[in-house]
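Open the structure in your viewer and keep the selection panel at hand. The stops below say what to select next and what is there.

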Amino acid sequence: MTKARASIFGEGEEGLDLSGFAPKAARDIQAPPADAIRAVSEAARFPSREAKPAPAPTAPPPPARREQRRHRTGRNVQFNIRARQETIDSFLAIADREGWVLGEVLENAVAALERELAASRVC
């Protein structure tokens, strides 16, 4: 076998001797037992990559959720506003206390405001 590299352009292919090229024979190697490997790695303080069993989940209590307010009322237009938390809490408390859906609270609040503004203009 020659020490020179073969040309990629095919020059001198006739002189290329590949007879010495053969795959290596498979060796019959036995892996050591898993217990022996584990003992050596623990002695060397090498951490295991196996997943540790997950601790039993202790879920935090779910946050207080408001009851869904879904009623078929014919109201089909959405109205989104930003307000302070106290205002929203008061709005929802009125709905709960009176047994109204949120659209009714809004309609009654607007009607009351219109009456109040009309009364203040008369005076």
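**The whole chain**

Of the 123 residues in the protein chain, 3% are buried (under 20% relative accessible area with a 1.4 Å probe and protein chains only; exposed is over 50%, and partly exposed lies in between). This is a predicted model, in which local features need pLDDT of at least 70 and side-chain atom pairs pLDDT 80 or more, while totals for chains, interfaces and linings use all residues. Residues are numbered from 1 along each chain as its sequence is written, and side-chain values use heavy atoms, leaving out hydrogens and water.

Colour by secondary structure: the protein chain has 3 helices and 0 strands, in the order α-α-α from the N terminus. Helices are DSSP runs of H or I with at least four residues, strands are runs of E with at least two, and both are numbered from the N terminus.

**The loop between helix 1 and helix 2**

Select Arg45, which is found in the loop between helix 1 and helix 2. Its phi is near 60°, a positive value in a residue other than glycine. Is Arg45 buried or exposed? Arg45 is exposed, with a relative accessible area of 77%.

Next select Ile81, in the loop between helix 1 (34-43) and helix 2 (85-98). Ile81 is exposed too, at 59% relative accessible area.

**The largest pocket**

Now select Phe79, Phe91, Leu102, Gly103 and Leu106, which lie nearest the centre of the largest pocket among its 24 lining residues. Helix 2 and helix 3 (102-122) are the elements that give two or more residues to this lining, and helix 3 gives the most, with 6 residues. A pocket is an open set of points on a 1 Å grid over the protein atoms alone, where a 1.4 Å probe fits, with protein on both sides within 12 Å along at least five of seven lines; lining residues have an atom within 4 Å of a point.

The volume of the largest pocket is about 930 Å³, taken as the space filled by probe spheres set on the points, which are joined across faces, edges and corners.

**The second largest pocket**

Finally, select Ala34, Ile37, Arg38, Ser41, Glu42, Phe46, Pro47, Ser48, Arg49 and Glu50, which line the second largest pocket. About 200 Å³ of space lies there.
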